Amino acid sequence: MFQSLLACILAVSLSAERTLVPLPPSPGSSSERLPRLKVSANGRFLVTERNRPFFWLGDTAWWLPGVSPADVELYLDKRARNGFNVIQVHCGRPVKDYAQRLPYLNDDPLSPNEDYWRNIDSIVERAASRRIYVALAPLWGEEYGRLFGKDADRAGRFGRWIGARYAARSNVLWIVSGEYDSINGFRVPISPEQKAVLVAAARGIREATGGKRLMTLHPGVPRTSSQDFHDQAWLDLNMLQSGHVIDFTAYNQPENYDLIAHDYALRPVKPVVDGEPIYEDTPDAIWIDRRIDRPRANDAAVRRKAYWSVFAGACGHTYGHNDVYGFYVPPSASAILKPEEGGSGNRSLWKTCLDSPGAVQMRFLRALIESHPFLSQTPDQTLLASDPGAGKEHVGALRGEGYALIYSPLGRPIRVHMNALHWRRAHASWFDPRTGKRTSAGKVITTGDQAFDPPGSPGDGNDWVLEVVRSR
């Protein structure tokens, strides 16, 4: 990763077990310029300007401008300690800052409120001091429609203005629009006139930054930016929003591993990341069924989405929590914000959720991937001799230079085509996504189909990664 928070990995070997935990930086200890990020030579991943691998581990902090500077510090410190290196922030038309200021004077995007933007500047700088990149979403899709209509020239001027403001900030990335398809009530494809407005804004940002900042768009659910923008030269990586459903196959819609696989197969080759899967503690299918009494996404659910996406070929993953993305403060101790009230069943003070199990466990995914030379890794379901399954049972597999990783989301036995690895000797371990610990499974035969039985009893929450490494 880009001089990552997890660049140091603590690997402690104790008999057959070792723990893989990244060492956190000292918060606020470095305000040096972060290296610029770019797409890797093979088009699949992100690297720094010096070609060091960068694994995107993001968090949705959409409404961060609305919290006090002291609380911004608290949030960033927590996220840095848990290994996050990207935060996704909305600074658009309706997003008030902590002083209740709006970003534009008289609702005119070409008349910025300087006091508001100085607060955004401060957030960007504070994030940089913790070695965190900020993916700014300057407007949501419906905001583009409201502010610009069909006026692409005006949208381009806006893009040039905001791009120039942060052109010197190497830790700023661009999400040109949040939920861009909301410009058309979430109907796709969007019209040529609507697309022209979004493209003009993107090209304005690209012009102002000299093409040296990563750019993407954030769509509605469940779809990816490739549907409307893959052929755009300024689109460096695709982003999808797999959405707030524990198991999308139960609704006959694609899961994130299918969406990632679709974009992975596209040409030209571009990286892809799930920029908004189900948030931890979100009621299942809240925006479909509109009920807050549904089962809520626990840490097992958010782990599945994360490992599925990366094992399907994503260049990283974004996590989110239902009470953190909007920095929810309940009006009373027993309050639960219902959909009709503008919420998704929010129920807890955001500060108490920063160390939720899923948030803490995301760093183990990053540490696992970074412990291998991942720029050459590829998804490879042909390694599986058993049925990969679908929905919550889906098994994902990837391979790289001298290693293979297979994710069993429910801890069911796995059968592997060992001949497909073409190795003479190999060693296997079980990696625990809950703790970051590796437990040796010993030397393995490298011919024929081999069965591997994960620890524990199969079931929800007993997910494991089989790690097979070539031995000399």
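Helices here are DSSP runs labelled H or I with at least four residues, numbered from the N terminus. All the views below come from a predicted model.

View 1. Two helices, α3 (141-148) and α8 (286-289), each put at least two residues into the lining of the largest pocket. The top contributor is α3, with 3 residues. The pocket itself has a volume of about 950 Å³. Its lining runs to 38 residues, and if you head for the centre, the closest ones are E179, E276, W287, Y325 and G342. Sorted by class, the lining holds 18 nonpolar, 13 polar and 7 charged residues.

**View 2. The second largest pocket.** This one comes in at a volume of about 150 Å³. Around it sit Y257, D258, A261 and Y264, along with W308, F311, A312, P379, Q381, H394 and G396. The elements giving two or more residues to this lining are α7 (256-264) and α9 (299-311). Of the contributors, α7 gives the most, with 4 residues.

**View 3. Helix α4 against helix α5.** Here α4 (residues 152-165) packs on α5 (residues 192-209), with the axes 7 Å apart and an angle of about 30 degrees between them. Angles under 35 degrees count as roughly parallel, so α4 and α5 are roughly parallel to each other. The crossing of the pair is right-handed. On the α4 side, look for A152, A155, G156, G159, R160, I162, G163 and A164. They meet A196, V197, A200, A201, G204, I205, E207, A208 and T209 from α5. Taken by class, this contact has 10 nonpolar, 5 polar and 2 charged residues.

**View 4. Helix α1 against helix α2.** What angle do helix α1 (residues 69-81) and helix α2 (residues 114-129) pack at? It is about 30 degrees, and their axes lie 10 Å apart. That angle makes α1 roughly parallel to α2. As for handedness, α1 and α2 make a right-handed crossing. From α1, the residues in contact are P69, V72, E73 and L76, and they meet I123, R126 and A127 of α2. The contact of α1 with α2 splits into 5 nonpolar and 2 charged residues, with no polar ones.

Methods
Residues numbered from 1 in each chain as written. Predicted model: local features only at pLDDT ≥ 70, side-chain atom pairs only at ≥ 80, totals over all residues. Heavy atoms only, no water. 1 Å grid on protein atoms, 1.4 Å probe; cavity = no way out; pocket = protein on both sides within 12 Å on 5 of 7 lines; lining within 4 Å. Points joined across faces, edges and corners; volume = space filled by probe spheres on them. Nonpolar A, V, L, I, M, F, W, Y, C, P; charged D, E, K, R; others polar. Axes fitted to C-alpha atoms, helices over the stretch in contact; angles between N-to-C directions. Parallel < 35°, antiparallel > 145°, perpendicular 65-115°, else oblique. Left-handed = near helix turned anticlockwise from the far one by under 90°. Contact = heavy atoms within 4.5 Å.
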